[in-house]
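Here is my note on the model you asked me to look over. Please keep the structure open beside the text as you read.

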Amino acid sequence: MKELIIGAKLENMERVMAFVEAEIADCPQEIKNKLAIVVDEIFSNIAKYAYYPQSGDAVVRMSVGDEIVIEFADSGAPYNPLEKADPDITASASDREIGGLGVFMVKRIMDEVRYEYRDGQNVLVLRKKI
């Protein structure tokens with residue numbers, strides 16, 4: 001797996017996207033577009049919440065073969081984003097609870113989304129068949 005260790009700050013999003021885009025350069029455009037949404041959502045959540053109010057690093061690992069595997073890791077407080085119930089997308093926006101829509105989209109886009117707390121880190125593993 002290729003790896004990028006970067007400060008978990010929103011201003012580093014461009015570098016994270018460039019890292020991912022370089023790894024998926026030969027993939028179909030539809031997959032590139034979907035992964036852009038996924039990477040934006042997950043890295044944004046790490047940047048905003050993992051270390052709040054302090055800061056720390058995020059690790060992005062990738063491999064591309066028959067499937068794309070992206071792994072995000074941070075050393076923030078243990079938090080499993082998959083435990084939150086999916087939002088009721090049939091309800092009007094004004095009736096829905098705030099939050100959770102981004103992770104819901106990630107779960108819909110990816111073929112597998114798995115969380116574990118390992119070696120003092122939150123690790124989110126995402127898989128997408130090509």
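The points below go from the overall fold to single residues.

1. Basis of the note. This is a predicted model, in which local features need pLDDT of at least 70 and side-chain atom pairs count only at pLDDT 80 or more, whereas totals for chains, interfaces and linings use all residues. Residues are numbered from 1 along each chain as its sequence is written, and side-chain values use heavy atoms, with hydrogens and water left out.

2. Overall fold. The protein has three helices and five strands, and along the sequence they follow the pattern β-α-α-β-β-α-β-β. Helices (H or I, at least four residues) and strands (E, at least two) are DSSP runs, numbered from the N terminus. Of the 130 residues, 42% count as buried; buried means under 20% relative accessible area, exposed means over 50%, and partly exposed lies in between (1.4 Å probe, protein chains only). Among contacts between residues at least 6 apart in sequence, 62% join residues at least 24 apart, where contact means heavy atoms within 4.5 Å.

3. Surface. The accessible surface comes to about 7600 Å², of which 49% belongs to carbon and sulfur atoms; such areas come from the Shrake-Rupley method with a 1.4 Å probe, and for residues only the protein chains shown count as cover. Ile37, Leu101 and Met105 make a nonpolar surface patch of about 230 Å². Patches consist of residues with over 30% relative accessible area and no salt bridge, with like charges joined within 9 Å and nonpolar side chains (Val, Leu, Ile, Met, Phe, Trp, Tyr) within 5 Å. Isoleucine 37 belongs to helix H2, residues 29-50, and it counts as partly exposed because its relative accessibility is 40%.

4. Helix H3. In helix H3 (residues 101-109), the residues Gly102, Val103, Phe104, Val106 and Ile109 are buried. The buried residues of H3 pack against H2, strand E4 (112-118) and E5.

5. Strand E5 and its partners. Strand E5 covers residues 121-129, and because seven of its nine residues are buried, it is largely enclosed by the rest of the structure. Strand E3 (residues 67-74) runs antiparallel to E5 and is joined to it by eight bridges, while E4 and E5 pair in the antiparallel sense over seven bridges; two strands pair if DSSP finds at least two bridges between them. Valine 125 in E5 stands opposite glutamate 71 and is also the bridge partner of arginine 114. The hairpin of E4 and E5 has two residues between the strands, and in it aspartate 119 takes a positive phi near 50°.

6. Asparagine 122. Leaving aside neighbours within four places in sequence, the residues in contact with asparagine 122 include Phe72, Asp74, Pro78, Tyr79 and Tyr117.

7. Salt bridges of glutamate 71. The structure holds 10 salt bridges, a salt bridge being a side-chain nitrogen of Lys or Arg within 4 Å of a carboxyl oxygen of Asp or Glu. Glutamate 71 forms one with arginine 61, the closest N and O atoms being 2.6 Å apart. This pair links distant parts of the chain, with glutamate 71 in strand E3 and arginine 61 in strand E2 (residues 57-64), 10 residues apart. Both glutamate 71 and arginine 61 are buried. Glutamate 71 also meets arginine 118 in a salt bridge (3.2 Å, N to O), and that pair lies 47 residues apart, with arginine 118 in strand E4.

8. Arginine 118 counts as partly exposed because its relative accessibility is 29%, and it forms a salt bridge with glutamate 116 in which the closest N and O atoms are 3.1 Å apart. Glutamate 116 is partly exposed, with a relative accessible area of 25%. These residues belong to a network of salt bridges whose members include Glu71, Glu116, Arg118, Arg61 and Arg114.
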